[in-house]
Amino acid sequence: MLTLSGLRAGYGATPVLHGVDLELATSECAAVLGRNGVGKTTLMRAVTGAVATTGGSIRFDGTDLSPLKAHERARLGISLVPQGRDIFPKLTVLENLKVGTAARRDRTSDAVDRVFEEFPMLAQRKRARGGSLSGGQQQLLALARALVTAPRLLLLDEPSEGIAPAVLDEIAEVIASINSNRGIAVLAVEQNLEFAARIAQRSLIMDKGEIIAETSTAELRNDRALQKRYLAL
Ligand SMILES: Nc1ncnc2c1ncn2[C@@H]1O[C@H](COP(=O)(O)OP(=O)(O)OP(=O)(O)O)[C@@H](O)[C@H]1O
Ligand SMILES: [Mg+2]
């Protein structure tokens, strides 16, 4: 579904991605793991179109994304839950979700009702301001906001970051269910290997702007040498 070949991107004169090769199958959930600053967020933003690429290619279901602007990529079904979530703290839960539906072609949709059914906590708190929610609740809201855009590929940038350990399991379950029940492909950046193992079978290891290894997440959990070398563990 998603194929990156020799992808290069950076900020101004500073290159960050030095030729990323990556393939994600339809309905797959894979994790991208790597230390701080290796370019994981830049990779996500290059796929959404928020960061301009300087070389290589991105294909989504055979379509070359390079000439497409961010909103056109969103229309094709690519949605990012950014690092730190970026929900609107002063808007209510319902208003945050309505911002999500604005990205759809069919603005009148029952997508908001559907996420309220799926996440009753959000329905109960629909008039609460986004900023008053806990970290875990904000992550659910951010996931729900992405879901109302009817994505086919969900990019998650460190979904476990800043979440209380007690709610990590619930967030992992939600992501696994989005992937398996809705059939949405997921590419999740993670630094928490246990969390990655809950959602993804395949792990792509990133270092200095490249994917330098690919392994099963289960194997990576047992490979202390690989963890020490490339992960902040
Ligand atoms: N807007 C920006 N302008 C200039 N340089 C940036 C910008 N954003 C990131 N960088 C630099 O690009 C490199 C990769 O950053 P990136 O955020 O992609 O890494 P990351 O792997 O997501 O890190 P983290 O684990 O801390 O989230 C870093 O050296 C960072 O300082
Ligand atoms: Mg990052």
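**Salt bridges and beyond**

Tutor: Let's begin with R202, which counts as buried at 18% relative accessibility. One thing to keep in mind throughout is that this is a predicted model.

Student: What does the side chain of R202 meet in a salt bridge?

Tutor: The general idea is that side chains of opposite charge can pair when their charged atoms come close. Here the partner of R202 is E214, at 2.9 Å from N to O. That pair links distant parts of the chain, with R202 in strand 9 (residues 202-207) and E214 in strand 10 (residues 210-216), twelve residues apart. E214 counts as exposed, at 52% relative accessibility.

Student: Which residues are linked with R202 in a network of salt bridges?

Tutor: E28 and E214 are linked with R202 in that network.

Student: How many salt bridges does the structure hold?

Tutor: Seven. Take R198 as another case: R198 pairs with D169, and their closest N and O atoms are 2.5 Å apart. This links distant parts of the chain, since R198 sits in helix 8 (residues 193-199) and D169 in helix 7, 29 residues apart. As for accessibility, R198 is partly exposed with a relative accessible area of 40%, and D169 counts as partly exposed at 44%.

Student: Now a charged residue without a partner. Where is E190, and how far away is the nearest side chain of opposite charge?

Tutor: Start from the pairing rule again: a salt bridge needs a side-chain nitrogen of Lys or Arg within 4 Å of a carboxyl oxygen. E190 lies in strand 8 (residues 185-190).

Student: Which backbone nitrogen does the side chain of E190 reach?

Tutor: That of N192, at 3.1 Å. Look at the surroundings too: leaving aside neighbours within four places in sequence, E190 is in contact with V32, L33, G34, E158, P159, S160, F195 and A196.

Student: E158 is on that list. Is E158 buried or exposed?

Tutor: E158 is buried, with a relative accessible area of 7%. You'll find E158 in the loop between strand 7 and helix 7 (165-182). Check the backbone there as well: phi of E158 is near 55 degrees, a positive value in a residue other than glycine.

Student: Where does A150, with phi near 55 degrees, lie?

Tutor: A150 is in the loop between helix 6 (135-147) and strand 7 (153-157). Its phi is a positive value in a residue other than glycine. A150 counts as partly exposed, at 41% relative accessibility.

Student: What about glycine? Which residue with a positive phi follows helix 1?

Tutor: G49, with phi near 100 degrees.

Student: While we're at helix 1, why is it largely enclosed by the rest of the structure?

Tutor: For helices in general, an α-helix has 3.6 residues a turn, so residues three or four places apart point the same way. In helix 1, seven of the nine residues are buried, so the helix is largely enclosed by the rest of the structure. The buried ones are K40, T42, L43, M44, A46, V47 and T48.

Student: How many residues surround ligand 1?

Tutor: There are 13, and the closest are G37, K40, T41, T42 and Q83. For polar contacts, go atom by atom. An oxygen atom of ligand 1 is 2.8 Å from a polar backbone atom of G37. In the side chain of Q83, an N or O atom is 2.9 Å from an oxygen atom of ligand 1. For the side chain of Q191, the corresponding distance is 3.0 Å.

Terms used
Residues numbered from 1 in each chain as written. Chains lettered and ligands numbered in written order. Predicted model: local features only at pLDDT ≥ 70, side-chain atom pairs only at ≥ 80, totals over all residues. Heavy atoms only, no water. Helix = DSSP H or I, 4+ residues; strand = E, 2+ residues; numbered from the N terminus. Polar contact = N/O pair within 3.5 Å; in protein donor to acceptor, adjacent residues only side chain to side chain. Contact = heavy atoms within 4.5 Å. Near = heavy atom within 4 Å. Buried < 20%, exposed > 50% of the residue type's maximum accessible area, 1.4 Å probe, protein only.
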